Amino acid sequence: MLVTIVLFCTITVTPISSVYAQCAMCSLNAENSTQNGNTQGKGLNDGILFLLVIPYLAAAGLGFLWYKKYRTVKSNKSQEKIL
C-alpha cells in the first residue's frame, strides 16, 4: 500500500513535459550523430543497455541468494525432523 502511495505521489508531482523533453533530446542526439557518420549514437545505445542491465543483474543476484538461503533452511528443517 505504501509503495502504491509513493508511486502515485511521484507520478502526480513530476511534470510530464520535462519527462518527454529528455526522451526527445536523446533521440534527436542519436539521429543527428548517425546521419553525420559519428559513433555517438552507438555509445548512447551502449550506455542505455548498461543502465538497463545493472538493476536486473542485482535483482537476479539477490533472488539467487534468497533462493539458496530458503532452500538451505528448508533442507535443514527436513533433516531435523528425520532425526
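Tutor: Tryptophan 66 and tyrosine 70 both belong to helix H3, which covers residues 40-82. They stand 4 residues apart there, so about one helical turn separates them. The model is a predicted one, and the structure holds 1 aromatic pair. That pair is formed by tryptophan 66 and tyrosine 70, with 5.8 Å from centre to centre and 15 degrees between the planes. The arrangement counts as stacked because the planes are under 30 degrees apart.

The two partners fall into separate accessibility classes. Tryptophan 66 has a relative accessibility of 59% and is therefore classed as exposed, the cut-off being over 50%. Tyrosine 70, at 47% relative accessibility, counts as partly exposed.

Helix H3 also contains leucine 49. This residue contributes to a nonpolar surface patch together with Phe50, Leu51, Leu52, Val53, Ile54, Tyr56 and Leu57. The accessible area of the patch amounts to about 870 Å² in total.

The wider chain gives the setting for these features. It comprises 3 helices and 0 strands, so that its elements read α-α-α from the N terminus on. Of the 83 residues in the chain, 2% are buried. The chain exposes about 7700 Å², and 70% of this area is supplied by carbon and sulfur atoms.

Confidence should be read alongside the geometry. The mean pLDDT of the chain is 74, and 65% of the residues score at least 70.

Terms used: Residues numbered from 1 in each chain as written. Predicted model: local features only at pLDDT ≥ 70, side-chain atom pairs only at ≥ 80, totals over all residues. Heavy atoms only, no water. Phe/Tyr/Trp six-rings, centres within 6.5 Å; stacked < 30°, edge-to-face > 60°. Helix = DSSP H or I, 4+ residues; strand = E, 2+ residues; numbered from the N terminus. Buried < 20%, exposed > 50% of the residue type's maximum accessible area, 1.4 Å probe, protein only. Patch = residues over 30% accessible without salt bridge, like charges linked within 9 Å, V, L, I, M, F, W, Y side chains within 5 Å. Areas by Shrake-Rupley, 256 points an atom, 1.4 Å probe, with all protein chains shown as cover. Salt bridge = Lys/Arg side-chain N within 4 Å of Asp/Glu carboxyl O. pLDDT = per-residue confidence, 0-100.
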